[in-house]
Structures are given as C-alpha cells and as structure tokens.
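Biologist: Please put the structure up, and then we can go through it by question and answer.

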Amino acid sequence: MKTKTLLLSGLISGLCGLTSTSLQAATYITADAMLDVASGKLIEQPALLVDGDRIVQVGTRNSLAMPQGAEHLDLAGKTLLPGLMDMHVHLSSDAEDNFLEALNYSVPRQTVKAVKNAERTLMAGFTTVRDLGDAGYSVIAVRDGINAGEIVGPRIWSAANALSITGGHCDDNFSAPEMHSVSGGVADGPWAVRAKVRENIKYGANTIKICATGGVFSKGTKVGIQQYSEDELRAAAEEAHQRGMIIAAHAHGTGGIKAAIRAGIDSIEHCSFMDDEAVKLALKHGTFLSCDIYNTEYTLAFGAANGVPEENINKEKQVSQAQRDSFRLAAKAGVKMVFGSDAAIYPHGDNGKQFSTMVTFGMSPLQAIQAATINSASLLQQKDLGQLKAGFLADMIAVDGNPLEQISLLEKVSFVMKDGKVFKG
C-alpha cells in the first residue's frame, strides 16, 4: 500500500509539473478583430490561446480568460487572419536578375537565393508555399533547413525538377546543342514519366509538377500548344497519387488544360486560355485552378531591362489579357481556385500584391482571401492549416484595418506567427 501511495503521489506531482510547463509556454493573443475565413464573419475583440505550435482555444476577451502564467500578446488596432498560402512560387530565382545570366547560376548559388527568398516570403505573411520547380533540389535543402530550425522561412511543399518533354517548356532550350544540356525533369513516354516522378520523390519532393503545354519564359515553345499527351499526364498523376502526393500541371493552352484535368491532375497552373468546356471539366473533376494574374505588369515594365528576350515578352503579351479573362470566367462559375503568384516572375515578398488584382478581375475580397487560406489548405490536403481554430497549427498574421474593406492591406502585413513562433512584429 505504501508503494502504491508513493507511486500515485509521484504521478500527481508529475502531472502538476506538466501543467505548469504548459501554462508557462502558452501565449494569450488578443486583437481588435479576427477574420473567420470560412464564414466571412469579422469577430471583434478575439482571444486565442497558443500552446507550442498549436492553437488550443479560440474565443473573445469576454469568453476566454488568460490562463495564469501565459504570456499576453496584445495586437491592439489589428485584425488577425490565418497565415497566407501561395501555391506557386520559385524561391531559387529572382525576377530582378539578368534573365540569361541567371540560367547559368550554380545550384549552390540558387540555394542561397532560396534562403533569402524564403525569409522574404515569410515576412510578407505567407507561412506556407508550394515551390513548383527548381534545379538540383535546392529548395528541398532549404525546406529541410527551415524544418530543422536552422534558417527562417515558410512551410514548403517542393516539386524539385518539373517534368518536361524533350525540348518542352521545362527543359533547357537556351544552351547550344553541343552542350547537351538537359533539365533534370525531362521524361518522354508514360513509363519514363513515372520513373521521373519516383526519382523526384526519392530525393525529397513532397509534391509534383508536370509541364503540359508551352510557356512564356521558355525558348522555342508555343505558349498555347499541348506538349505532354493525356496518357503521359495520367501516368504522372497516377504515380503521384499512388505515393500520396498532389500534382500540378503547368498549362496555358486550352487543349493541355483539358487533358490535364481529364488525366486527374490536382491543380492547373496559369490557365491562360480557358473556355466553357474547360471550366465545366474543372467543376466536374473538382480541379483547383491557380492563376498568376498579377505579374504581367512587372514583366512588361521591367522584363527588357532585366534581359528577358523579346520572344518571351511577346508571349507574355499573348497571354496577359486572355489569362485574366479566363480567371474571371472561372471565378464566376465557382471553380475551386487557389492563390498562386509565380513569384520569381516578379519580386519575392510582393506576393500579396496579387490580391487586389484578383478582386479587380472578379473575386470578392473574401474569395481572394479564401483562395490563399482554406482553398489552398484543401488543395494540400492539410486539415490543420488555413483557419484560426482550436487544434490548428498556430500560423497567423495581422494587418492594420479590415481587409474585407481594403484588400490592399494584405500587402503590408505587420505581424507574422508560424508554428506558434513570432517572426515579425
């Protein structure tokens, strides 16, 4: 009996110690308002309790008292939102660099770029991103460094080498033939495509990208022309899904968009030449669309000065208005849409400037915010991201004012928390 009493006493003492530690680690956060992104309701005088990397309670100042020992973080005058999510970035390159010179950057140089741009992206309020193509697994190295706490940046899904046909949009077509330069993601035929997906996963990719059509910033490709066959696209989708991963397809042209949707691709990137049939297919299959409709102005204003060849600037002119018309068509139809900026085509850290463009071309402010929160979380199949709710990861930002009334406030994020840690403000 004495032994049992001692054991029980020790257990109670240990539990009390754990409770004390938990309370000391907790952070009690208050603000003027909080946006419930699912309902669109603006909650006044919110209060949230964060313990470790999780939100454990959500209420108001009146309904949720600050626990003894918790740290009080008072964001007076600010509105809280979930951390923003950008589903199409390229962290290892910069729009400001000379275009042709940057094509010859070493993998270590690109990795340094990605470290810099990861921090810049997080400071802009984007706590989660999907990087859709790099060289030499540079972004995977940065992702792993962030996860290890060695460097600062957002939560990253990295596709590594984007899959391409020989001579396609994601191949290296700028080098002379005698250089025999082939991009790391080149694969022709369904089984080669499957093998390349497997290779990317082997070296750490946690998402997949395939280039279904020509593109703006490649040499010798026609931007609207389909490149991969539907069988090849289906092979890539099946292989990715079999390994528990989502897959994105770069697709400007109408035929390529439709083939990618029918093949089971999870998200279509760019979506420049949509028609009614493509929209209906996206609705039928539940496909997400990711449309980078902000960066046109940057390319047309600064592309030539940054060394972008005339061929590529002319292709940007071909897609710019068409892409925005397609965006409006899809938004009006109610297709599932996520926030994808293609940052690297314009400067990293300016990601939030796309929100205003999304509103200009057919979305409500709430819909634009949902694209960068709950919709992106749904695409990534993450049930604990994209909202400020108990049990969710403690990713949140704050702005000075109401973004439902002034969407451009999201260009000036003043507070950033990721995994319960404050990185800005």
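Modeller: Buried means under 20% relative accessible area, exposed means over 50%, and partly exposed is in between (1.4 Å probe, protein chains only). This is a predicted model, in which local features need pLDDT of at least 70 and side-chain atom pairs count only at pLDDT 80 or more, while totals for chains, interfaces and linings use all residues. Residues are numbered from 1 along each chain as its sequence is written, and side-chain values use heavy atoms, with hydrogens and water left out.

Biologist: Is Phe126 buried or exposed?

Modeller: The cut-off for buried is under 20% relative accessible area. Phe126 has a relative accessible area of 0%, so Phe126 is buried.

Biologist: How many aromatic pairs does a search of the whole structure find?

Modeller: Rings of Phe, Tyr and Trp (its six-membered ring) pair if their centres lie within 6.5 Å. Planes under 30 degrees apart count as stacked, over 60 as edge-to-face and the rest as tilted. By this rule, the number of aromatic pairs found in the whole structure is eight.

Biologist: Which kind of pair do Phe126 and Phe339 form: stacked, edge-to-face or tilted?

Modeller: A pair of aromatic rings is described by the distance of the centres and the angle of the planes. The ring centres of Phe126 and Phe339 are 5.4 Å apart and the planes are at 40°, so the pair is tilted.

Biologist: How many residues apart in sequence are the parts that Phe126 and Phe339 tie together?

Modeller: Helices (H or I, at least four residues) and strands (E, at least two) are DSSP runs, numbered from the N terminus. Phe126 belongs to strand E7 (residues 126-131), and Phe339 to the loop between strand E13 (337-338) and helix H11 (354-360). The pair therefore ties together parts whose separation in sequence is 213 residues.

Biologist: Tyr298 and Phe302 form an aromatic pair too. Which helix holds both residues?

Modeller: Their pair is tilted, at 4.9 Å centre to centre and 40° between the planes. Tyr298 is buried at 16% relative accessible area, whereas Phe302 is partly exposed at 43%. The two are four residues apart, about one turn of the helix, and both lie in helix H9 (residues 296-302).

Biologist: Over which residue's ring does the charged end of Arg194 sit?

Modeller: A charge sits over a ring if NZ of Lys or CZ of Arg is within 6 Å of the ring centre and within 35 degrees of the ring normal. The charged end of Arg194 is 5.3 Å from the centre of the ring it sits over, that of Trp191.

Biologist: Which cysteine is joined to Cys170 by a disulfide?

Modeller: A disulfide is a pair of cysteine sulfur atoms within 2.5 Å. The structure holds one disulfide. Its S to S distance is 1.9 Å, and the partner of Cys170 is Cys211.

Biologist: How far is the sulfur of Cys291 from the closest cysteine sulfur?

Modeller: Cys291 is buried, with a relative accessible area of 3%. Cys271 counts as buried at 1%, and Cys271 is in no disulfide. The closest cysteine sulfur to that of Cys291 is in Cys271, too far for a bond, at 3.8 Å.
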